[in-house]
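Me: Please take a close look at how charged side chains pair up here. After that, carry on to the rest of the picture in one go.

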Amino acid sequence: MHGTQILDEADRLMTVCNSCRYCEGLCAVFPAMEMRRSFSDGDLNYLANLCHGCGACYVDCQFSPPHEFNVNVPQTLAIARADSYAAYTWPRACAGLFARNGLVISLTAAVSVAAFLFGFAAVSDPKLLYGINTGPGAFYALMPHNAMAALFGAAFLYAIIALTMSLRAFWRDIGEPIGMCADAPSLWQAVRDAGTLRYLDGGGVGCFNADDRPTDRRRLYHHLTFYGFALCFAATCVATLYHYLLAREAPYPWWDLPVVLGTLGGIGLLIGPIGLFVAKWRRDTALLDEARMGMDVAFIAMLFLTSLSGMALLLLRATPAMGPLLALHLGFVFALFITLPYGKFVHGLYRFAALVRYARERKVMAQGTAE
Ligand code: SF4
Ligand code: SF4
């Protein structure tokens, strides 16, 4: 007996699959499963987060519905995976935020955007808020840089602490020692597997959709979203260094590094989330955890709106729209930061940790075989 019914079901499926082993070449889940004869809760959460949800094992399975064995690995692991986000969250009192997550994220975003819009209107000189301000320091005439750095720095620091504590709980529960960084080869292998989304390829043919025709589009849109996010983060880091090391204040000219990085990242964060949204709608519902669609869509929407407001600010910063757009963009960014530990963002961290563990297991097994 496991902690939840879905883990009991995952255990049943892994036991069936361990006897069958037809899918062992499709992804990392089946080889990792084969290294075990029984499954703890932590093992099943590890396998659930190792699964990329490509759907290949459902389409290939001779025991999938309507067969009486009712084997549906992608959907079962998707539900277990979403449950694991709440199970490991920090602080524990916030676990409930994963229930009706779409509503929680939407309300947080609405309150944050409203707070920035009303805040700007309350404390800014209307001539500044609705006037044309250009040149270095134009943003900070509306919100002082120190206030912006303190507010966003605190939100980001909280997100980092909460995510680290959640990841620590996951890592311990799947049975690994805390010092994973000590094993550099496994870490590097996981970086490569995550960076290329190696296991989102359905065993080489792509992800499966409602029409049973696999494509690589989901992987492409994931890449655009992930690397777009990374470029936007890099743009923020470079701008921070400009401010504190070179005493250069935003906004910067279009050719400057923070703007170039932010623009490229912003384009990725516009196209990627739209593509992921469309891809999600085209998928066979038999593969999905339909009850958590709100969580997935809310995260995609937050990334899209953050990017859209940032790109609009970039394009219209020399017009009277700059003030309201700055408030809008800061509202979305703040909401994104504080909800990072309590939404779909965590899937990237847990999956990466699962890939590190898988790389370690493979290495240990290869060493055992060689001896
Ligand atoms: S998913 Fe089906 S075909 Fe694949 S290993 Fe499991 S039981 Fe066998
Ligand atoms: S859905 Fe894809 S990634 Fe998940 S277990 Fe099946 S084949 Fe592996």
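Reply:
**Salt bridges**

Lys-344 pairs with Asp-296 in a salt bridge, with 3.3 Å between the closest N and O atoms; the term means a side-chain nitrogen of Lys or Arg within 4 Å of a carboxyl oxygen of Asp or Glu. Lys-344 sits in the loop between helix H13 (322-339) and H14, and Asp-296 in helix H12 (residues 293-316), so the pair ties together parts 48 residues apart in sequence. (Helices are DSSP runs of H or I, at least four residues, numbered from the N terminus.) Lys-344 and Asp-296 are both buried, meaning under 20% relative accessible area with a 1.4 Å probe, protein chains only.

A quick word on the ground rules: this is a predicted model, where local features need pLDDT of at least 70, side-chain atom pairs count only at pLDDT 80 or more, and totals for chains, interfaces and linings use all residues. Residues are numbered from 1 along each chain as its sequence is written, chains are lettered from A and ligands numbered from 1 in the order written, and side-chain values use heavy atoms, leaving out hydrogens and water.

Back to the charges: the structure holds 15 salt bridges. Shared partners link Arg-36, Asp-43, Arg-357 and Glu-361 into one network. Within that group, Arg-36 and Asp-43 come to 3.3 Å, N to O, and both are buried.

Then there's Arg-360 with Asp-183, a salt bridge at 3.9 Å. Arg-360 belongs to helix H14 (residues 346-370) and Asp-183 to the loop between helix H8 (145-173) and helix H9 (184-196), so this pair connects parts 177 residues apart in sequence. Asp-183 counts as buried because its relative accessibility is 10%.

Another loop, between H9 and helix H10 (217-245), holds Asn-209. Asn-209 is buried too, at 11% relative accessible area, and a polar atom of its side chain lies 3.2 Å from the backbone oxygen of Arg-213.

Now for the ligand. Around ligand 2, the shell has 9 nonpolar, 3 polar and no charged residues (Ala, Val, Leu, Ile, Met, Phe, Trp, Tyr, Cys and Pro count as nonpolar, Asp, Glu, Lys and Arg as charged, the others, Gly among them, as polar). Among the shell residues are Cys-27, Cys-51, His-52, Cys-54 and Cys-57, a residue being included if one of its heavy atoms lies within 4 Å. Helix H2 (29-34) and helix H5 (73-87) each supply at least two shell residues.

Conventions. Buried < 20%, exposed > 50% of the residue type's maximum accessible area, 1.4 Å probe, protein only. Polar contact = N/O pair within 3.5 Å; in protein donor to acceptor, adjacent residues only side chain to side chain.
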